[in-house]
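Hello,

Here is the structure we talked about handing over. My notes follow below it.

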Amino acid sequence: ENATLSPPHPACSSTPGMGGKWCYRSINHRVDSKSLWLYRWYYSRTCQWILSLTITVILALAFIEEPSSLTITSDVRYRLPAWNPPCGLTESIELLCFLVFVVDVSVKSYLIGWKEFWKNKWLMAYILTLIVSLADWIVSLSFFCKESVRIRRILRPFFLLQNSSMMKKTLKSINSTLPEMARWVIAQKTSFHLLQDGCQDKEWVVYFRNLPDSLTSLLVLLTTANNPDVMIPAYSKNRAYSIFFILFTVLGNLFLMNLLTAIIYNQFRGYLLKSVQSSLFRRRLGIRAAFEVLSSLKETPASSLKMCSCDQLSAAQFQKLFEELDKDAIKQHPPSPEYQSHFMQKVQFAFGHRYFGYLGNVVALANIISICVVLVMDADKQPSERDDFFLGAINCFFILYYLLEMLLKILAMGLKRYLSYPSNRFDGLLTVILLILEIATFAVYGFPHPGWRPEFMGLLSLWDMVRLVNMLIVFRFLRIIPNMKVIALSSTTWVSLVLLCSFQVVFYAFAITGIMLFRGAVPVISCSAANTTHDNGTLQCGTYEQLEYWPNNFDDFAAAVVTLWDVMVVNNWQVFLDAFSRYSSPWAKIYFVAWWLISSVIWVNLFVALLLEVRKCVYLV
């Protein structure tokens, strides 16, 4: 029922065979015809697309289920009551998603066999998550969707996490980094205690009146968010106090923070390259296993796979055959047209040369610079005082050049060869859009002339649309960046791994937790009351109320995500620490400090480590 195949270790046997020494690992899976058919069906593009769509749908439910994010603004002063779906609507969608996940875990468990199933911790956690989610779903219906805590919402990111092998490997690497991170945290805490003992001046009562406030102020200072605010009260009294803050910044920010970067990179060094090598090794292992199975048959179907005059294939020939079949087809660009005229041949050579593309990049740069110059010159002018004649004239000139460039390239390369390059398709599409908008602008407002000011009509006028699309020309410069393929692969890996993992898993979990902890913590006040208080000058400078951070709250999922993003940037994040600790509990600081540690420290350093590994992997592989 199950096939157990083990590859030979290089040190064990030079000629792998059925009687060789096997000492690497075992691969257990069903190999009967029905199981293989089910395996191919499960990993088909359609089934995987359905599974990905299901994960996306169940994660997106947080935006529409109570508390709903379907409001124009999240500001508590202007926010209208949100529409909440009736009880049973989102729950029905959830149930359909759960059924898909049940089928998913059932197929996975069947394919690997029950013996291996009990050894797979991810599948066991998958089933446990489904059981808890279904139980919580039943509780919601029993309370007619009026319960305040929904455990299954926090567990939803697990469905995304378990569906990606790369995310699992990343978590494994992070787990191996935890002991070093723990020692780093202890070092940070020690430096906090050593340095905060010197903060005894009464002038610092705002920042160091007790141990929790001292630790919070020093932690915020570590991110330089409240620098030099926290130093000014003491520094204004005696310049020698600046030594304390300089010492802390050097020790904490420049030494310990960079030490954490080194710790994370040390764990990820060679991680991605080893993963790629492991994937290639497993593929070769599968091909070798197939060869061993075929060679053990009485009638080997090698006659249908002839590569040479011999009747049978050797293991090396069998491996080479599958390597050739696995290669992607090399895309051949259509040939350029052949002109008989000597003049046309010179024209084709001139406008098909790479230097003509460089000229287009120079013109695009001049276009961007001219737009920036005009915008800077008109920055201090009222809309009624601006003269758009110059901008209209240069727009007309550059659009005519882009049109001429496109036509000349088509003449030199031919239409089919021109369209075979993605960069040409992008440039051509931009040129056509710009030309259409320019013609529409001239038809509505006339040709540019001194004192020409196209009127702003509606949400976005034609004139503003032309200037907006014109800025897309900046993407033409991506072609001149060296090693563009390396950057593209690095960006793809970052989007698929870091962005999806951190944003959809970490952001999701913290946003749901924040809703449970701080929903309704920010008091709902009227706009007139807030403005009156602000005009009277009764608000303390730099506080949540004085800065009017009212849209940053945890009253719905979308607002929670934006609030977490603002905290992650660590610009004025001490304002959120102070506000939510006052509105809810002093223990709220633990939530925001944990978010800062995961998002701004670990996440950023993880991204840098992965980016370096991707570049190294591309160069080596």
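Which residue forms a salt bridge with Arg156? Glu94 does, with the closest N and O atoms 2.7 Å apart. A salt bridge here is a side-chain nitrogen of Lys or Arg within 4 Å of a carboxyl oxygen of Asp or Glu.

Before the rest, the basis. This is a predicted model, where local features need pLDDT of at least 70, side-chain atom pairs count only at pLDDT 80 or more, and totals for chains, interfaces and linings use all residues. Residues are numbered from 1 along each chain as its sequence is written, and side-chain values use heavy atoms, with hydrogens and water left out.

Back to the pairs. Glu94 is buried at 0% relative accessibility, and Arg156 is buried at 1%. Buried means under 20% relative accessible area, exposed over 50%, partly exposed in between (1.4 Å probe, protein chains only).

Glu65 and Arg153 also meet in a salt bridge, at 2.9 Å, N to O. Glu65 sits in the loop between helix H2 (45–60) and helix H3 (89–112) and Arg153 in helix H6 (residues 151–155), so the pair ties together parts 88 residues apart in sequence. Helices are DSSP runs (H or I, at least four residues), numbered from the N terminus. Glu65 is buried at 1%; Arg153 is buried at 5%.

Asp578 pairs with Arg582 in a salt bridge, closest N and O atoms 3.0 Å apart. Both lie in helix H24 (residues 573–583), four residues apart. Asp578 is partly exposed at 33%, and Arg582 is partly exposed at 43%.

The whole structure has 14 salt bridges.

Best wishes

Technical notes. Helix = DSSP H or I, 4+ residues; strand = E, 2+ residues; numbered from the N terminus.
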